[in-house]
Amino acid sequence: MSVESPFIISIPQESLSLLQQKLRLASFPDELDDAGWDYGAPLTDIRRLVARWSNGYDWRYHEAQLNTELPQFTRDIDVGGHGALNVHYVHKKSDAEYAIPLLFVHGWPGSFFEARKLLPLLTRGSPDHPSFHVVAISLPGFGFSEAPRKKGFNLDQYAEVCNKLMLSLGYNEYVTQGGDWGFIITRRMAHLYGPKYVKAWHTNFPGGTPPSLLGQPLSFLTMLFHFLFPSFNPQMQAGFDKTQKFMQSGSGYNAIQSTKPQTLGYSMADSPVGLLAWIYEKLVVCADGYAWDDDEVLTWISIYWFSRAGPTAAARIYYEVGGGNTQKLGELMGTPEYTASIPHGISRFPGEVAILPKSWAKSNRKVVFDREHERGGHFAAYERPVEVCGDLREMFGRGGPAFGVVKGRDGYNS
């Protein structure tokens with residue numbers, strides 16, 4: 001079994017000095033009058049953030065906060081066909097003896113940082129609600145995890161790393177939570193490792209598959225009716241419209257990263273301003289009006305800039321999983337062959353980038369919990385941690401549909 005090593009974030013001073021030098025030498029593009037957000041991240045926003053990053057933002061302060069708040073570790077994980085990868089993760093335990101082991105899986109452009117606000121909520125022991133031992137992994141190539149060195153590190157490999165990490169920590173039964181890539185990876189884990197190891201899974205990014213005429217005739221006919229007569233279900237139509245708008249005007253990053261990530265990578269690796277603009281746009285556009293603090297944004301971006309393998313490595317997940325095909329990558333939201341018989345929970349947020357009918361999520365999954373919220377977007381764990389925590393407590397709590405799924409661990413402080 002691999003050995004766990006404590007990890008402290010400690011960026012070399014020469015790396016900080018180089019960042020400052022690059023920021024001082026930054027060049028900015030021009031911008032059309034009244035461009036707003038139509039063409040991408042506004043020049044005024046990027047100038048302001050760069051000014052703060054180069055004069056006033058204190059990485060050492062935020063680095064110390066992360067080290068204080070988040071118990072971090074690394075461990076070597078053997079991956080079939082790819083050798084051992086040194087994986088970084090946060091492992092914060094509850095004081096409840098029988099807390100439920102939960103794996104949190106982030107996406108792009110996220111990192112372990114997305115779990116920061118959830119951790120103190122989920123790990124809080126109580127006789128009134130379940131608590132969790134939370135493991136927030138840095139996926140290979142993200143944050144402070146080692147990146148794959150060979151081609152072909154696909155969805156099964158990400159799932160393998162996550163499962164082996166939990167088993168190495170002694171969690172032979174556990175549950176998962178994730179959004180964005182976290183949804184796609186944990187769904188694959190549910191298919192591959194449930195119900196033996198993965199006992200239930202929860203997501204805030206509910207992809208789905210359209211119902212088929214043979215498999216779900218009633219749902220199929222209902223869907224067909226609403227397509228033909230959209231005025232009968234304006235809420236469903238609004239969801240389709242929002243999804244289509246995002247695919248048409250907000251998914252350019254997907255096309256680039258799933259086809260030519262290396263070409264983009266030179267800009268991200270060499271220009272902190274380029275990296276900032278590339279990710280900042282997604283933070284703002286994909287959130288639901290969340291009031292991003294400048295230092296909050298800069299810490300988020302700095303984790304990418306200072307990441308172990310550099311920011312290009314994280315973007316390659318789009319190419320590897322999609323096989324260099326944008327269309328195939330889009331189909332992963334459905335992927336009907338990835339069935340999952342274990343209990344599945346969904347938290348729906350109105351600011352999500354893709355909003356699909358509820359029936360689509362039920363076509364190949366055992367949905368036992370489905371909750372709609374009034375506010376929140378793509379980064380729900382960070383934007384609305386109280387709501388996500390509340391849903392997990394309800395799903396796994398006494399009287400909940402997934403209570404007791406992990407043998408001997410109900411999560412309560414008796």
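Arg 308 is partly exposed, with a relative accessible area of 44%, where buried means under 20%, exposed over 50% and partly exposed in between (1.4 Å probe, protein chains only). The model is a predicted one, in which local features need pLDDT of at least 70 and side-chain atom pairs count only at pLDDT 80 or more, while totals for chains, interfaces and linings use all residues. Residues are numbered from 1 along each chain as its sequence is written, and side-chain values use heavy atoms, with hydrogens and water left out.

**Overall make-up**
- The chain has 17 helices and nine strands, taken as DSSP runs numbered from the N terminus (helices H or I, at least four residues; strands E, at least two).
- Of the 414 residues in the chain, 55% are buried.
- Among contacts between residues at least 6 apart in sequence, 78% join residues at least 24 apart, contact meaning heavy atoms within 4.5 Å.
- The largest nonpolar core holds 107 residues, of which Ile 185, Leu 276 and Trp 300 touch the most other members; such a core is a set of buried Ala, Val, Leu, Ile, Met, Phe, Trp, Tyr and Cys residues joined through side-chain atoms within 4.5 Å.
- Leaving aside neighbours within four places in sequence, Trp 300 is in contact with residues including Pro 109, Phe 113, Trp 292 and Tyr 382.

**Surroundings of Arg 308**
- Arg 308 sits in the loop between H12 and helix H13 (311–322), and its side chain makes a polar contact with the side chain of Asn 86 at 2.8 Å.
- A polar contact is a pair of N or O atoms within 3.5 Å; within protein, one must be able to donate a hydrogen and the other to accept it, and residues adjacent in sequence count only if both atoms are side-chain atoms.
- The C-alpha atoms of Arg 308 and His 88 are 9.9 Å apart, although 220 residues separate them along the chain.

**Helices H3 and H12**
- Helix H3 (residues 59–69) packs against helix H12 (residues 294–305) at an angle of about 75°, with the axes 11 Å apart; axes are lines fitted to C-alpha atoms, for helices over the stretch in contact, and angles run from 0 to 180 degrees between N-to-C directions.
- H3 and H12 are therefore roughly perpendicular to each other, a term covering 65 to 115 degrees, whereas angles under 35 count as roughly parallel, over 145 as roughly antiparallel and the rest as oblique.
- H3 contributes Trp 59, His 62 and Leu 66 to the contact, and H12 contributes Asp 295, Thr 299, Ser 302 and Ile 303.
- Asn 67 is also found in H3, and its side chain makes a polar contact with that of Gln 72 (3.3 Å), while a polar atom of the Asn 67 side chain lies 2.9 Å from the backbone nitrogen of Ile 9.

- Most residues other than glycine have a negative phi, and most peptide bonds are trans.
- A cis peptide bond joins Trp 108 and Pro 109, with omega about 5°, and another joins Gly 194 and Pro 195, with omega about 0°.
- Trp 108 lies in the loop between strand E4 (100–105) and helix H4 (118–122) and is buried, at 2% relative accessible area.
- Asp 180, one of the residues touched by Trp 108, has a positive phi near 55° and is buried, at 11%.
- Asp 34 has a positive phi of about 55° but counts as exposed, at 78% relative accessibility.
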